[in-house]
Amino acid sequence: MTILRARPAPLVAAVAALAAVTAAGTALLTGPAAAAPGCRVDYTPNQWPGGFTANIKVSPGDTAVSGWTVTWTYAGDERVTNGWNATVSQSGSTVTARNMSYNGSIPAGGSAEFGVQGTYGTAGGAPTGFSLNGVPCNGAGPGPTTPPTTAPPTTAPPTTAPPTSAPPTTAPPTTAPPTTPPPSGCAGAVLCDGFENQTGSTPSGDWSVVSPDCSGAGTATVDTSTAHSGSRAIRINGAAGYCNHVFVRTTKNLSGLGGVRYARIWVRHTTAQPTDHTTMITMSDAADGNRDLRLGGQNGALQWNRASDDATLPEQSPAGVAQSVPLPTNRWACLEFMVDGSAGQLRTWLDGVAVTGLTADGVPTHDIDGQWYNRTWRPQLTDLKLGWESYGGGADTLWYDDVAMGSTRIGC
Ligand code: CA
């Protein structure tokens with residue numbers, strides 16, 4: 001992956017910032033939401049035809065901030081559709097990202113990370129004009145007299161609308177930023193587990209380790225060093241080869257969910273999905289001889305597969321694969337799906353965005369769900385298993401956290 005460093009802001013941005021100094025007078029020269037010179041915004045994209053995600057790391061430099069607003073500008077027709085760890089909006093080609101309640105404070109020398117997902121028709125390359133709280137970053141822009149443009153008005157007229165988040169406190173934080181994780185709400189879900197109640201290194205309690213076919217080098221453990229929230233997640237060391245299958249299976253009774261079930265699963269994996277077929281998540285289907293409905297990958301992108309007849313969604317034609325997306329590596333991704341047993345339909349979202357190629361909508365569509373509907377499909381799912389299954393090539397280390405299943409969509 002290439003880390004794109006933003007080019008210096010264009011001169012017009014510096015001129016505009018200096019004009020803001022003049023307009024605001026000198027009353028707003030300090031404030032906890034201000035960014036120091038030396039701030040950095042590192043934008044790391046992951047792009048595929050028509051879509052992209054990007055991780056953004058904001059580093060305020062040598063002055064702490066108690067709230068942040070990061071902006072940048074795309075040169076192409078990129079449209080941000082959602083984000084994580086920030087509230088994101090777009091006006092024209094300019095994107096604005098504001099901190100959430102739990103990650104607004106960044107100490108001097110520290111950083112915060114968030115991400116966006118979007119679509120494009122014509123990519124414009126690396127975005128430019130990165131700023132933090134109105135101050136140009138990455139070596140661009142004026143020096144330390146730049147006022148904070150997001151500070152609320154005191155005695156001088158505001159230069160911009162006040163922030164919609166909580167106003168800054170009167171002093172920079174003197175303690176470390178909160179380590180409280182993002183909320184992982186489950187909205188009445190039957191299953192809602194961040195694995196924080198796991199007590200040992202082997203998954204237990206509401207989960208059991210299973211190897212449905214045969215066991216080998218694959219392992220499932222409780223990891224206390226990598227987690228989406230809190231301090232625990234399930235780590236799967238997935239090895240290549242058929243006999244290395246390993247999963248954690250929920251021991252919760254999911255029958256109360258009925259025929260329509262929604263899942264929200266945070267997953268982090270390490271190695272890009274290979275050309276070979278692999279599986280991450282399986283659910284036994286009582287209407288299909290208890291064979292598994294499987295979510296994994298093939299040809300480098302996410303894929304659903306039926307173990308009973310090996311039907312795939314999307315079809316593995318180039319046009320079909322192009323309508324799925326790869327699972328991002330080395331960051332937490334929010335995977336959601338819905339299976340409607342009585343209607344025989346299925347939906348999938350990655351980071352909140354519906355994936356066309358992972359949609360079975362009841363009407364057979366060539367390249368997508370044509371093969372899926374070669375026969376009647378009315379699944380009766382009975383469990384949930386998270387792990388790794390390879391049938392030839394394809395090893396991966398991956399983590400699961402903040403797993404939920406309910407009868408309505410739970411959200412990321
Ligand atoms: Ca956790």
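**Exercise 1. Determine which strands of the open sheet stand at its edges.**

Solution. The sheet is open and consists of 5 strands in the order β6-β7-β4-β9-β10, with antiparallel pairing. Strands β6 (87–91) and β10 (135–136) each have a single partner strand, so one side of each is left without a neighbour in the sheet; these two stand at the edges. Strands (E, at least two residues) and helices (H or I, at least four residues) are DSSP runs, numbered from the N terminus. Two strands are said to pair if DSSP finds at least two bridges between them.

The model is predicted: local features need pLDDT of at least 70, side-chain atom pairs count only at pLDDT 80 or more, and totals for chains, interfaces and linings use all residues. Residues are numbered from 1 along each chain as its sequence is written, and side-chain values use heavy atoms, with hydrogens and water left out.

**Exercise 2. State how many bridges join β4 to β7, and find the bridge partner of T69.**

Solution. Strand β4 covers residues 69–73 and strand β7 covers residues 94–98; the two run antiparallel and are joined by 5 bridges. The partner of T69 in β7 is R98.

**Exercise 3. Describe the salt bridge between D351 and R331, and decide whether each residue is buried or exposed.**

Solution. Side chains of opposite charge can pair when their charged atoms come close. A salt bridge requires a side-chain nitrogen of Lys or Arg within 4 Å of a carboxyl oxygen of Asp or Glu. For D351 and R331, the closest N and O atoms are 2.7 Å apart. This pair links distant parts of the chain, 20 residues apart: D351 lies in the loop between β22 (345–350) and β23 (353–354), and R331 in the loop between α2 (318–321) and β21 (332–340).

For the second step, buried means under 20% relative accessible area, exposed over 50%, and partly exposed in between (1.4 Å probe, protein chains only). D351 has 2% and is buried; R331, at 5%, is buried as well.

**Exercise 4. Classify R40 and D42, whose side chains meet in a salt bridge.**

Solution. The N to O distance in this salt bridge is 3.2 Å. R40 is partly exposed, because its relative accessibility is 29%. D42 is buried, because its value is 13%.

**Exercise 5. Identify the residues linked with K385 in a network of salt bridges.**

Solution. The closest N and O atoms of K385 and D383 are 2.9 Å apart, and the two form a salt bridge. K385 is buried at 5% relative accessibility, and D383 is buried at 2%. The network links R249, D292, D383 and K385. Across the whole structure, 12 salt bridges are found.
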